[in-house]
Amino acid sequence: MSRNVQSMWLLSSAVLLAGAGAVVMQLASFSGNTKLSGVLFGIATGMGIAAILRRLMPEDCDAAPPALRKRYTREVIIAMLAYAVLLVVSILLLKQVDGAPLRALIALLPVPPIVLVLRAMIRYIRDVDELQQRIELEAVSFATAFVSLVYLTGGFLQSAKVIDVPSNAAMIWVFPLVCLAYGLAKAVVARRYN
């Protein structure tokens, strides 16, 4: 599949998912289930961002062999689908369960799929050539530094009582922000090596 066809397919899928997420969000808001609608909207938004990032990447941004890219894509897609399902299950079960130990176990249901995503990323970086490793590691470094700076700034503003961000929201958004910053940084870093 050519890059343009792949990009168009991804962008079309993202638009359809965003539309479906918006419809589900609207329907769910009538039933009062705003957390679930937020999750679905977040998934659709994430797909849209992924499509945009894919479009920004230079043509030869990824020099990994096709078999390695295929393995990585398969592992990440399966893990992210498991994450989405377990997140929804976790949110729904938490409404019905009492008792701290069981609630903790249910709340942590979505974590193992994220561990699998991180494992896939590490395997991918380990198995690519040196130039691609450099691109990936520079992008990860820039993303981590940027998100750390954002959170440090937010912490100072929170301490000064200028903003008030709930800690659970702040903690949950660390990983998605690192992923978004990584995608943007990779687009910039890869262009530098072209």
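Helix 6 (residues 130–159) and helix 8 (residues 174–192) pack with their axes 7 Å apart, at an angle of about 135°. Helices (H or I, at least four residues) and strands (E, at least two) are DSSP runs, numbered from the N terminus. Axes are lines fitted to C-alpha atoms, for helices over the stretch in contact, and angles run from 0 to 180 degrees between N-to-C directions. The structure is a predicted model, in which local features need pLDDT of at least 70, side-chain atom pairs count only at pLDDT 80 or more, and totals for chains, interfaces and linings use all residues. Residues are numbered from 1 along each chain as its sequence is written, and side-chain values use heavy atoms, with hydrogens and water left out.

The protein chain has 8 helices and 0 strands, and its elements run α-α-α-α-α-α-α-α from the N terminus on. Of its 194 residues, 28% count as buried; buried means under 20% relative accessible area, exposed over 50%, and partly exposed in between (1.4 Å probe, protein chains only). Among contacts (heavy atoms within 4.5 Å) with a separation of 6 or more, 77% join residues 24 or more positions apart.

The angle between helix 6 and helix 8 makes the two helices oblique to each other. Angles under 35 degrees count as roughly parallel, over 145 as roughly antiparallel, 65 to 115 as roughly perpendicular and the rest as oblique. The crossing of helix 6 and helix 8 is right-handed; a crossing is left-handed if the near helix is turned anticlockwise from the far one by less than a right angle, and right-handed if clockwise. On the side of helix 6, the contact is formed by Q132, I135, E136, E138, A139, V140, F142, A143, F146, V147 and Y151. Their partners in helix 8 are V174, L177, V178, A181, Y182, A185, K186, V189, A190 and R192. By class, the contact of helix 6 with helix 8 has 16 nonpolar, 1 polar and 4 charged residues. Here Ala, Val, Leu, Ile, Met, Phe, Trp, Tyr, Cys and Pro count as nonpolar, Asp, Glu, Lys and Arg as charged, and the others, Gly among them, as polar.

The largest nonpolar core has 6 residues in all: A139, A143, V147, A181, Y182 and A185. Helix 6 and helix 8 are the elements that give two or more residues to this core. A nonpolar core is a set of buried Ala, Val, Leu, Ile, Met, Phe, Trp, Tyr and Cys residues joined through side-chain atoms within 4.5 Å. Leaving aside neighbours within four places in sequence, A139 is in contact with Y182, A185, K186 and V189.

With a relative accessibility of 45%, F142 counts as partly exposed. Its contacts, neighbours within four places in sequence left aside, are A185 and V189. F142 and V178 are 36 residues apart in sequence, and their C-alpha atoms are 9.4 Å apart in space.

Helix 3 (residues 66–94) packs with helix 5 (residues 111–127) at an angle of about 165°, the axes being 8 Å apart. Helix 3 and helix 5 are therefore roughly antiparallel to each other, and their crossing is left-handed. Helix 3 contributes L68, R71, Y72, E75, V76, A79, M80, A82, Y83 and L86, which meet P113, I114, L116, V117, A120, M121, R123, Y124 and D127 in helix 5. The contact of helix 3 with helix 5 comprises 15 nonpolar, no polar and 4 charged residues. R119 is found in helix 5 and is partly exposed, with a relative accessible area of 45%.

Y124, I125 and R126 of helix 5 make the contact with Q132, Q133, E136 and L137 of helix 6. The residues of the contact of helix 5 with helix 6 are 3 nonpolar, 2 polar and 2 charged.

K161 is placed in the loop between helix 6 and helix 7 (167–172). K161 is exposed, with a relative accessible area of 73%. Its phi is near 60°, a positive value in a residue other than glycine. Most residues other than glycine have a negative phi.
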